[in-house]
Amino acid sequence: MSQSSKFNRTLTQAFGLFLGIAIAVWVLRGFGILSFIPGGIILLLFVLAIAIAVLSYVQRTWWRF
């Protein structure tokens, strides 16, 4: 397996991790369990997940090294 493929797999796993954490925190905050967490933290998790997804896409399609 090439180094690029391993890096892309790591990015995809990181995307899933951050997206899963963001959704879980968002749902738990909606139920009032994690009401002390500010909305900015949840927004930051979603933005981080989207940024990692874009980086994974760019790495897979444009960076051919």
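Reader: In which helix is L28 found?

Author: Helices are DSSP runs of H or I with at least four residues, numbered from the N terminus. L28 is found in helix α1, which covers residues 3-30. This is a predicted model, in which local features need pLDDT of at least 70, side-chain atom pairs count only at pLDDT 80 or more, and totals for chains, interfaces and linings use all residues. Residues are numbered from 1 along each chain as its sequence is written, and side-chain values use heavy atoms, with hydrogens and water left out.

Reader: Which residues is L28 in contact with, leaving aside its neighbours within four places in sequence?

Author: Contact means heavy atoms within 4.5 Å. On that basis, and with those neighbours left aside, L28 is in contact with I33 and L34.

Reader: How many aromatic pairs does the structure hold?

Author: Rings of Phe, Tyr and Trp (its six-membered ring) pair if their centres lie within 6.5 Å; planes under 30 degrees apart count as stacked, over 60 as edge-to-face and the rest as tilted. The structure holds one such pair. W26 and F46 form it edge-to-face, at 6.2 Å centre to centre with 85° between the planes. The pair links W26 in helix α1 to F46 in helix α2 (residues 39-61), 20 residues apart.

Reader: Why does Q59 count as buried?

Author: Q59 counts as buried because its relative accessibility is 2%. Q59 lies in helix α2.

Technical notes:
Helices (H or I, at least four residues) and strands (E, at least two) are DSSP runs, numbered from the N terminus. Buried means under 20% relative accessible area, exposed over 50%, partly exposed in between (1.4 Å probe, protein chains only).
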